Every structure is written in structure tokens, then in C-alpha cells.
Amino acid sequence: MNQPSQSKFTQPLKILIVEDNQIDRRILESMLQESSTPVSLLKTADTLAGAMELLGQHSFDAVILDLNLPDSEGKNTLTKLIGKYPQVAIVINTGAYEDEVGIHTLSYGAQDFLVKGKYTGYVLNKALHYALERKRLERELNAAYERLTETQSQLVQMEKMKVVGALASGIAHEVKNPLSAILYGVTYLCEQIKSPEQKIQVTLTNMKEAIARANNTVNDLLNFAGTTSQNSKPENLNELVEKCLSLVHHEIDKKHVKVVKKFDGGLPEVNVDRNRIEQVLVNLIFNAIQAVADGGQLELKTYCRRISEDLDSLPDLGKDKFKPGEMIVVCDVEDNGSGIQPQHIPKVFDPFFTTRREAGGVGLGLSVTKDIMENHNGVVLVENRPTQGVRARLVFHASDGAALSDQ
Ligand SMILES: Nc1ncnc2c1ncn2[C@@H]1O[C@H](COP(=O)(O)OP(=O)(O)O)[C@@H](O)[C@H]1O
Ligand SMILES: [Mg+2]
């Protein structure tokens, strides 16, 4: 009879035998030692607890498992082992009278089974071979399934976004008009009511602020849905950053935030829609201000770079948007605030994701920012700084004229 092809086992195997019957254990050991399959590690355990301990210490490829052990019986033995170590291939070693049991174990997650007293070294070898191959296929299937689920949820998300987009202009119309009427009314009342009662003035001011917030949310929604048009011109990014700082100086002063500016004076121009990039910068600056403690620091940097031939200096940019040799203009907005919890990093660009719901956060700032940057064929990256706080980075193409004049 032909032996199963040895070449399939590219690496020597690490095998654990779990068997409380000493004779059965010895048989297995000697069969494996004489087998054509190379084995680099062979361990044995006579209890489930012992097996679990060894599985915690070594990464075995396969376990040959007797189901009835002093500390665990039948199917339980298998489910406990798989529950803790799902990556290992399992060949069940059942008693001769348990043929039925063996077959059932396959549906409980074992990859193959042997019936004691009825196998030879060749059969054992073949069972291990099949078990490993089935386990590998199972892993591939799981990975494919995960990819499928992810793609499906992305599709669902895209569909949802389409609906948001379709609703946005309708909502904007329905909400913005009443809002401006209310704002007009409140402004009028502010002027007319000269009451010494401070509470009235505070109430009116709060109402005005609430209206402004609602109005901003609707604007964000409109931008997110891409319903406002884009009007790009060559602009100096330093000027835009300065303008945005002046727009938010009130918040900066209120929180005593120290602003550090490191602008490159010879920055090439960028071809952008001024209003939209201002909105992006305000979003990032606001996020930074909200994240820092009183007296915290906000650092704004601008600089330009020529992308190296292999894009290695800026690996996160993606090769589809930026070409080697091209001139890029970068703006970093850095803070020394709370930072982002690692599990939140993949979600920060999701529409409506916010950790600041109580403080009035809507969770559209970064998704709008991403959308606007994509419309500009640019990139926004957000990550924790190694020391403390967050760095948000905007990367633009230098406008054509600028790139040429640089050469
Ligand atoms: N500079 C920052 N520091 C800490 N967390 C941040 C920063 N910028 C963004 N985040 C996180 O990303 C989330 C989403 O931000 P954003 O889209 O602007 O929505 P919002 O500001 O309304 O919460 C925030 O709720 C916060 O958890
Ligand atoms: Mg925000």
C-alpha cells in the first residue's frame, strides 16, 4: 500500500496525545515515532486538565484525543478542548465499540477519528494528514466567511449612506427654514427685552447657541451627502489655518489652550474649495480643543514633501491617490489631549460615531472631513501620538503650478 505523500507535511508536526490508557498511549507513541511523518514535538497527557496545560505551553498542530478521561467524559471533552483551542486539528481515538461515537464527533468539530485496535501506523498517518488538511480548509473557509460578512456590512453601510444622502436635502429644507425663523425671532427678542433679569438673557443666549448647533448639524449632513458644490482654486494652506484659528479663538481662549504654529513659509499652493477645507480644519481643531484639558496644547504644522520613489516615507497614503515623485502639502493638527481608545480608532470616520454624545457630539465631524478630503483627492489620517494625544494629518496634492515651479 502507498504511504500518504510525505511532502504534504512541509513542516515536522507537533502532536499531543491525550489518552489515559497507558497501553493505548504507548502504541500511539511508537507508531508516531516509526511513522513516515516527521514529528518535531510529541507530548502526552492522561487527563483533560493536563492536556489543557500542555496546549497552553506549546502550539500543537494536532491532538489525538481519547474522549473518556478521568476528569472528563464523552462529547464534553471535545467541546471543552475546542472551546479553548479552536485552532488545533483533532483526531478522536475511540474505543472499538464506539464506532458510532467516532462518526458523531466529526459533527462536533473533530477532523477525523480512529477506532482503537483497528488502525495501523499507515491509518494513523492518513488520519493526521486528513485532519490537518480539513483544519486548514476550515480556517480558509472561516476567513472567507469573515471577509464576506465584512463586505456585506460595508454594503449595508453604503446603502444607509445613500438613504442619508437622499434624505439630507429634504431634511435641510424642512429644518433650516424654521431654524432661521427661530433665530430671527430670538435675535429680535434679545434686542427688545432689556430686562434686568439675568436669567432671561442667559436663556435667550442658550437658545441662540442651540439653534447654531442644530444649524451646523444640518450643514454637516449636507456636506456629508455631498449636496453642496465644490469650487476649487489655488490657496495657501497657511492662510486657511490662520483663518480657522481666528474663527475658533473663542474656544481656544475659554480653555486656555496654548497654540503652537510651525508653518512652512514656502508652502506650495493647494487646489481646494476654501470653504470646505476651512470646515475640515475647524473640525480637526475643534476635536483637538475638546480633547485637551484646560491649559492643553494645540500644535499646527504645515510642510511639503516630495514622495519618495517607493512611497515608503508616507505608507498610509495609498498608491492609487499619490504617485512617487509627486509633491504633497501636509497639515498636521496635534494635541496633547485624551487620545483615542485603540478600539475606537477604526470607527472614528464612521458617520454618527461619537464618544461625546453627552457633550453634544453628533459624530459627523470626521466623516464629513473624510468625505471632503476624498472629494479633493486627498487623505485624512487620524492616529494617537506616541507620547500623548492625537495627530490628525491632512495630505493634499500640491497644485499643478506649484509642482511645476518646484522642478
Ligand atoms: N483629537 C481627538 N482626541 C481624542 N479623540 C478624538 C479626537 N478627534 C476625534 N476623536 C474621537 O473621534 C470621535 C468622532 O469625532 P467626530 O467625527 O469629530 O465627532 P464628534 O466630535 O461629534 O464626536 C470623537 O467622538 C472622539 O471619540
Ligand atoms: Mg468633532
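**Ligand 1 and some labelled residues**

In this predicted model, ligand 1 is surrounded by 19 residues, and the closest are T354, T355, R356, G363 and L366.

Me: What makes a residue one of those that surround ligand 1?

Reply: One of its heavy atoms has to lie within 4 Å of the ligand. For ligand 1, 19 residues are counted in this way.

Me: Why is the pair formed by R356 and ligand 1 called a polar contact?

Reply: The cut-off for a pair of N or O atoms is 3.5 Å. A polar side-chain atom of R356 is 2.6 Å from an oxygen atom of the ligand, so the pair counts.

Me: Which elements give two or more residues to the shell around ligand 1?

Reply: They are α9 (274-291) and α10 (365-375). The largest share, 3 residues, comes from α9. By type, the shell holds 9 nonpolar, 8 polar and 2 charged residues.

Me: How do you know that the charged end of K75 sits over the ring of Y108?

Reply: One part of the test is a distance within 6 Å of the ring centre, and the other is an angle within 35 degrees of the ring normal. The charged end of K75 is 4.5 Å from the centre of the Y108 ring, and the pair is listed as sitting over the ring.

Me: Why is V333 called buried?

Reply: Buried means under 20% relative accessible area. V333 has 2%, so it counts as buried. This residue lies in strand β10 (residues 327-335).

Me: What makes the phi of F352 and of N377 worth a remark?

Reply: Most residues other than glycine have a negative phi. F352, in the loop between β10 and α10, has a positive phi of about 70°. N377, in the loop between α10 and β11 (379-384), has a positive phi of about 60°.

Definitions and conventions:
Residues are numbered from 1 along each chain as its sequence is written. Chains are lettered from A and ligands numbered from 1 in the order in which they are written. This is a predicted model: local features need pLDDT of at least 70, side-chain atom pairs count only at pLDDT 80 or more; totals for chains, interfaces and linings use all residues. Side-chain values use heavy atoms; hydrogens and water are left out. A polar contact is a pair of N or O atoms within 3.5 Å; within protein, one must be able to donate a hydrogen and the other to accept it, and residues adjacent in sequence count only if both atoms are side-chain atoms. Helices (H or I, at least four residues) and strands (E, at least two) are DSSP runs, numbered from the N terminus. Ala, Val, Leu, Ile, Met, Phe, Trp, Tyr, Cys and Pro count as nonpolar, Asp, Glu, Lys and Arg as charged, and the others, Gly among them, as polar. Buried means under 20% relative accessible area, exposed over 50%, partly exposed in between (1.4 Å probe, protein chains only).
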